Amino acid sequence: MASGYFLGVDVGSASVRAGVYDEAGERLAFSSRPISQFRPGGERVEQSSAEIWQQVCRAVKEAVSAAKVAPQQIRALGFDATCSLVVLDKHGQGLAVSPEGEASHNIIMWMDHRAGEQAKQINATGDASLRYVGGEVSVEMELPKVLWLKQHLPASWNAAWRLFDLADFLVWKATDRDVAGLCTLTCKWNYLAHEQRFSDALLEAVDLAEVRHKIPSHILPPGAAVGTLSETAALLLGLTTDVVVASGMIDAHAGGVALAGARPEGTLAIISGTSNCHMLCSAQEIHTPGVWGPYWSAMLPGYWLTEGGQSAAGALVDWTLNASDSSAALFAKAQARGCHPVMLVNEWVAELEHQEPEPTRRLHVLADHHGNRSPRARPDARGSVSGLTLERGEPGVARLYLATLQAIACGTRHIMEAMREQGHHISRLTLCGGATHNPLWLREYADITGCDIQLLQEEDAVTLGAAITGAVASGAFADFPAACRAMVTPGEVIKANAARREFLDRKYQVYLTLWSQQQALEEMMR
């Protein structure tokens, strides 16, 4: 292994993050830049690829400067990003993805649910390839979005030269190489990696045969070298043209590399953010209804990947706190104390628990406010709350907040149990992302799943995972396991409290019952 430093760039839903790491995985510097979300109405959420690239360049420059290393010492760069659809014309300029016609708004975000009818059309084909997405394509995936674009904005569709997953767009901007990552295509475009093909029957059945000409034909696995920085990109990023760029990855999958790369089998990696992703690798091809995959070599080469998820996790916590009648007081008090609102509401929960053990005994939440990604695969699902009273103020906020944390953790347990029912073995949990900063939420994850949770010393495992892909692509390490053994350091272990098991088992059964009740209500209103 040669010496040098590795850059990881992570483009999340609301920000760009760049980190500089050495060969031992120690982070020298970190920079974060905000990016916009445009919400023109309905369930549409859009972004600008031009703005994102601009913020990537700024974040990289800031991180390298703060690390106090020479640009010549940066050996490799890895990109990860949300699985959002980027639409470009033949000049590489953005094309509008909404009827308002703003060309700079050329990204349909992963969380955009406009393509529900198109997802139904694709699923109605019953194509055999759908077995590799848990039986049904999700509205969050790319083919429904592409079909929506063709049906609703034919001018943008006809003018589209490239339809990129966001991570692949970033790799293209950095290298001028027209390449797609196996990770993005397999997990979000219904590419059958184990057969190295798309399903022609599926594409033709929904009139998307042309899509094969609008995406890159060259496909590279995770950790592969795409090339080096172009002169233009090197100038914009403040780096040199010697920097090796790795194939792009979805953000959650980059986190999964860091969390599970050293011990793939049996490790369930939970990437906690706006949504939750649950990554589990296996040597065998195991299908789980309602859970995405299995995907061949999409995260760690040589392993099948099964991917569960919850469409709203951190987003649901934020919504709960903002929707409360006491939210203004909460945020004002947090600002006055100079702390995050979550720290303050966690104190309120502690006070409540001191007065009454298990204060959510009669208050329950179904956490499907933005649909159920898995294992029910119902983007039209809705959340609910049972057990409301006229309680107000800090106790009311604390109780509903705690019930929401528990509901999200119950959703994770539901995904785990669905996986186990199909023959998956889960021996350990690892977790990264927003929840790692919330000890109360970590407690609920551990106690409700009944599993100890292994954290990493590096708090931003996704950015570290992106850097690891660059390190492997540059040849600094032979493969992901070697890179992860060198660059990933275990951190704190959150122990599950067996004394709460009986109560939380009942709480989980209530969670499952809420779904049945919600479906009965929906049926009454048809």
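Close-up 1. Asp452, with a relative accessible area of 33%, is partly exposed. These two residues form a salt bridge in which the closest N and O atoms are 3.4 Å apart, the term meaning that a side-chain nitrogen of Lys or Arg is within 4 Å of a carboxyl oxygen of Asp or Glu. The pair links distant parts of the chain, 43 residues apart, since Asp452 is in the loop between helix H15 (439–449) and strand E22 (453–456), while Lys495 is in the loop between E23 and H18. Helices (H or I, at least four residues) and strands (E, at least two) are DSSP runs, numbered from the N terminus. The structure shown in every view is a predicted model, in which local features need pLDDT of at least 70 and side-chain atom pairs count only at pLDDT 80 or more, whereas totals for chains, interfaces and linings use all residues. Residues are numbered from 1 along each chain as its sequence is written, and side-chain values use heavy atoms, with hydrogens and water left out.

**Close-up 2. The salt bridge of Glu358 and Arg500.** Side chains of opposite charge can pair when their charged atoms come close. Glu358 and Arg500 form a salt bridge with their closest N and O atoms 2.8 Å apart, and the pair links distant parts of the chain, 142 residues apart, with Glu358 in the loop between helix H13 (341–355) and strand E19 (364–366) and Arg500 in the loop between strand E23 (490–494) and helix H18 (501–524). Both Glu358 and Arg500 are buried. A search of the whole structure finds 34 salt bridges.

**Close-up 3. The salt bridge of Asp380 and Arg378.** In this salt bridge, the closest N and O atoms of Asp380 and Arg378 are 2.7 Å apart. Asp380 counts as partly exposed because its relative accessibility is 45%, and Arg378, at 25% relative accessibility, also counts as partly exposed.

**Close-up 4. The ring pair of Tyr132 and Trp304.** Eight aromatic pairs are found in a search of the whole structure, a pair being rings of Phe, Tyr and Trp (its six-membered ring) whose centres lie within 6.5 Å, with planes under 30 degrees apart counted as stacked, over 60 as edge-to-face and the rest as tilted. The rings of Tyr132 and Trp304 are stacked, because their centres are 6.4 Å apart and their planes are at 20°. Tyr132 lies in the loop between helix H2 (116–123) and helix H3 (142–152) and Trp304 in strand E18 (residues 304–310), so the pair ties together parts that are 172 residues apart in sequence. Tyr132 counts as buried at 12% relative accessibility, and Trp304 counts as buried at 9%.

**Close-up 5. The surroundings of Gln55.** Gln55 is found in helix H1 (residues 49–67) and counts as buried, because its relative accessibility is 6%. Leaving aside residues up to four places away in sequence, Gln55 touches Val16, Arg33, Pro34 and Ile35, where contact means heavy atoms within 4.5 Å. A polar atom of the Gln55 side chain lies 2.8 Å from the backbone oxygen of Pro34.

Note on methods. Buried means under 20% relative accessible area, exposed over 50%, partly exposed in between (1.4 Å probe, protein chains only). A polar contact is a pair of N or O atoms within 3.5 Å; within protein, one must be able to donate a hydrogen and the other to accept it, and residues adjacent in sequence count only if both atoms are side-chain atoms.
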